[in-house]
Amino acid sequence: MSKILGNALPGMPWQDRPEGCNDPVWRYSENPVIGRHDMLIANSIFNSAVVPFEDGYAGVFRCDSLSISMDIFVGFSKDAIHWDINHEPVTFEGEDPEITKREYRYDPRVVKIDDKYFVTWCNGYHGPTIGIAYTYDFKTFHQMENAFLPYNRNGVLFPRKIGGRYMMLSRPSDTGHTAFGDIFLSQSPDLEFWGHHRFVMGATPGDLSAWQSMKIGPGPCPIETDEGWLLIYHGVLRTCNGYVYRMGCALLDLEQPWKVKMRSRYYILAPEMLYEQNGDVPNVVFPCAALTDADTGRIAIYYGCADTVTGLAFTTIDSLMDWMKKYPMPVPQR
């Protein structure tokens with residue numbers, strides 16, 4: 001039995017595994033949990049993140065507007081299923097107007113570190129890079145320096161310092177809809193200056209694990225367990241009909257998280273439902289957040305569906321650990 005190291009969250013969304021289901025991850029029966037028009041001016045709401053907050057939950061949502069501008073909106077919920085999303089995007093405060101000037105903002109993650117909630121997102125600054133901001137109340141957001149030069153996406157912070165340093169996963173990219181991508185780790189003493197970059201893992205050429213053969217990228221913030229950091233990530237296959245995004249998992253070393261201990265050869269969730277296959281960008285499941293309950297080992301995953309709506313799926317720490325052990329990807333020793 002594996003254990004999640006963290007807080008109990010007994011009120012988090014949950015449905016038991018359906019009878020006869022042998023999949024490692026199963027969907028919420030009322031998906032999509034957030035529809036494309038569940039905010040006044042939204043064309044789509046997807047690739048968003050949630051976190052426990054006060055006596056309920058807060059979320060940072062990617063809402064593409066009816067003009068198809070990309071921005072981040074805040075929402076609140078008592079049960080993490082029914083959401084009240086603000087109708088105006090987040091306004092970021094910061095010392096340097098060159099950094100806070102909006103070009104575009106999308107695909108946020110959120111994590112609590114000590115007494116602050118940190119939001120990371122794909123920020124437009126002469127191309128995509130990683131924006132960072134913090135808030136105490138999800139009302140006022142203080143934007144910090146961008147973490148990296150363009151071009152980069154999917155900046156994902158660990159929920160605590162490791163070896164006295166903050167850690168962030170990311171996927172270096174280019175200006176377009178990148179046809180490549182591996183996961184790297186960067187370290188910082190202060191969340192402003194980043195270095196000690198380390199390769200974590202890459203796409204897998206060939207058909208041993210073809211679902212992740214073109215590119216991969218980190219998803220929700222890593223989950224600390226007694227065996228290592230559990231990382232849920234996305235993998236992409238290029239097909240004759242375009243890209244297909246699926247979901248996988250890996251286990252990283254607790255003290256040296258750029259070292260991979262285990263990795264799933266088979267995916268854990270793929271676009272099979274109509275709301276995952278049909279939308280503005282078809283055939284996409286894109287994980288961005290995970291709620292966890294340390295007492296039960298339960299995990300609730302929020303994921304974007306076809307770049308249009310938000311889905312919710314469930315699993316447990318043991319389900320994912322067992323999946324990686326049963327269907328392992330060979331991991332190079334470093």
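The following conversation concerns a predicted model.

Visitor: How many salt bridges are there?
Guide: The count comes to nine salt bridges. One of the pairs is R27 with E276, whose side chains meet at 2.8 Å, N to O. R27 belongs to strand 1 and E276 to helix 2 (residues 274-277), and 249 residues separate them.

Visitor: Are R27 and E276 buried or exposed?
Guide: R27 counts as buried because its relative accessibility is 18%, under the 20% cut-off. E276 is buried as well, at 0%.

Visitor: And what does R102 meet in a salt bridge?
Guide: The side chain of R102 meets that of D71, at 2.8 Å, N to O. R102 is partly exposed at 34%, whereas D71 is buried at 7%.

Visitor: Changing topic, why is strand 13 described as largely enclosed?
Guide: Strand 13 (residues 183-188) has six residues, and five of them are buried, so the rest of the structure largely encloses it.

Visitor: Which strands pair with strand 13?
Guide: Strand 12 (residues 166-172) pairs with it in the antiparallel sense over five bridges, with Y166 opposite S188. Strand 14 (residues 195-201) also pairs with strand 13 in the antiparallel sense, over four bridges; there, L185 stands opposite R198.

Visitor: What lies between strands 13 and 14?
Guide: Six residues lie between the strands of this hairpin, and L191 takes a positive phi near 65°.

Key
Residues are numbered from 1 along each chain as its sequence is written. This is a predicted model: local features need pLDDT of at least 70, side-chain atom pairs count only at pLDDT 80 or more; totals for chains, interfaces and linings use all residues. Side-chain values use heavy atoms; hydrogens and water are left out. Buried means under 20% relative accessible area, exposed over 50%, partly exposed in between (1.4 Å probe, protein chains only). Helices (H or I, at least four residues) and strands (E, at least two) are DSSP runs, numbered from the N terminus. Two strands pair if DSSP finds at least two bridges between them. A salt bridge is a side-chain nitrogen of Lys or Arg within 4 Å of a carboxyl oxygen of Asp or Glu.
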